[in-house]
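Please examine the sequence and the structure shown here before reading on.

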Amino acid sequence: MTQTQDLEMAARQGNGAAGGAYYPPPRAGAGGEDLDDDGRKKRTGTVWTASAHIITAVIGSGVLSLAWSTAQLGWVVGPVTLMIFAFITYYTSSLLADCYRSGDQATGKRNYTYMDAVAAYLGRWQVWSCGIFQYVNLVGTAVGYTITASISAAAVHKANCFHKKGHAADCSQYDTMYMIVFGIVQIFFSQLPNFSDLSWLSILAAIMSFSYSSIAVGLSLARTISGRTGKTTLTGTEVGVDVDSAQKIWMALQALGNIAFAYSYSMILIEIQDTVKSPPAENKTMKKATLLGVSTTTAFYMLAGCLGYAAFGNAAPGNILTGFGFYEPYWLIDFANVCIVVHLVGAYQVFSQPIFAAVETAAATHWPNSKFVTREHPLVAGRFNINMLRVTWRTVFVVVSTVLAIVMPFFNDILGFLGAIGFWPLTVYYPVEMYIRQQRIQKYTTRWLALQTLSFLCFLVSLASAVASIEGVTESLKHYVPFKTKS
């Protein structure tokens, strides 16, 4: 049986907690007051915890590239693109939230994962394609966050070096060691069983994301006010001055992919929704959390993109806090980059938990009597359990994602590619198709045509951005020496 069939079987049986490890059916006398309508441990999530998960997932490494993206698109297209992607993300996320339960929104059968929802509404072959898109994107995000965290960790050393030796000094650092350290930290955090156990980490990570985003915005504003700004234009980078005509097209398309990645979280929306308590109905809570999360994110993104572009102009660095447009105050740059690393520790887990859940659920389905797969070993006076499958499989996953990050350390190109391949299928196509099936919208009606037009236009954007990002990776590979990458 293929891995995709394993995942499909797990999705159809619903035999695993969303975003977490396998949960066996409750034993007799477990106490109905502590169980939800599906017999699982009672969910306790609220608008605030769901919003924290969303903000943790959304405001990540993408915010650091928005000044560069705005520089490629200019004052007109840049901000408009941010607003368009924000609206599309909110709208399609609202459609997806309605698909958490099949049938009645308050009492219908729960879909524990994104793939559960696709299986319930769209059928077998769609589950296969969804699994490929979702899990490739989730793995890619883990790799991207490892790269970003290592660059930010190296930037702490570089900021101190520039402060002591001057801005012209060679303070470049090899990134490999920082990636390895980040991977070791993730091995330990990966042993937390599921999303519910990550609430505190998500709240901490959300605070960190606000902190470094605010610092980036504040430093950009200060530079703009001081008058030490770069040249800006309505159309962004100028052909013949900053770039040639081919570069202008490729970089503009890549910028669209970066912005798409900056809003990417739909692939874990159902998993987040499965942590929310009811009543009220989970879709109502999730829509409020989505509105709060996307609105907050968009406000930060507009400030980061526009003020960053105003400060640096067409020469805006790819990563606003590690590209060293800012040198002083060095201690503030250090603090911001530490916040990025702490945030990405949490964000890595938010995006990795659905992968862990899928594999562990499939294993528990096929080998329900295996002690290696299902037995929990209590530690720390019974307050924490370890499972041998969880320890082994999750450690292997972290090691592989770390190695991939070491092999492919191309920040902007990786961000653009991840945004491109994940945005259309996971944020637009599947939510739209599930909503059409759920609401029984007839073909060729005005509403059906509007939804399909939205999906098709987003497909074109994703395709163009993916091609541009591949071109960017190809260019980077021409100058790449394995395990010798410096930032």
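K231 counts as exposed, at 53% relative accessibility, where exposed means over 50% relative accessible area, buried under 20% and partly exposed in between (1.4 Å probe, protein chains only). This is a predicted model, in which local features need pLDDT of at least 70, side-chain atom pairs count only at pLDDT 80 or more, and totals for chains, interfaces and linings use all residues. Residues are numbered from 1 along each chain as its sequence is written, and side-chain values use heavy atoms, with hydrogens and water left out.

**The pair K231 and E238**
- K231 forms a salt bridge with E238 (a side-chain nitrogen of Lys or Arg within 4 Å of a carboxyl oxygen of Asp or Glu).
- The closest N and O atoms of K231 and E238 are 2.8 Å apart.
- E238 is partly exposed, its relative accessible area being 23%.

**The pair E360 and R394**
- A salt bridge joins E360 to R394, with 2.7 Å between the closest N and O atoms.
- E360 lies in helix α11 (residues 330–366) and R394 in helix α13 (residues 388–407), so the pair ties together parts that are 34 residues apart in sequence; helices (H or I, at least four residues) and strands (E, at least two) are DSSP runs, numbered from the N terminus.
- E360 is buried at 3% relative accessible area, and R394 is buried at 0%.

**The pair K287 and D98**
- K287 forms a salt bridge with D98, the closest N and O atoms lying 3.0 Å apart.
- This pair links distant parts of the chain, 189 residues apart: K287 is in helix α10 (residues 282–312), and D98 is in the loop between α3 (66–97) and β1 (101–102).
- K287 is partly exposed at 27%, whereas D98 is buried at 11%.

**Total**
- The structure holds 3 salt bridges.
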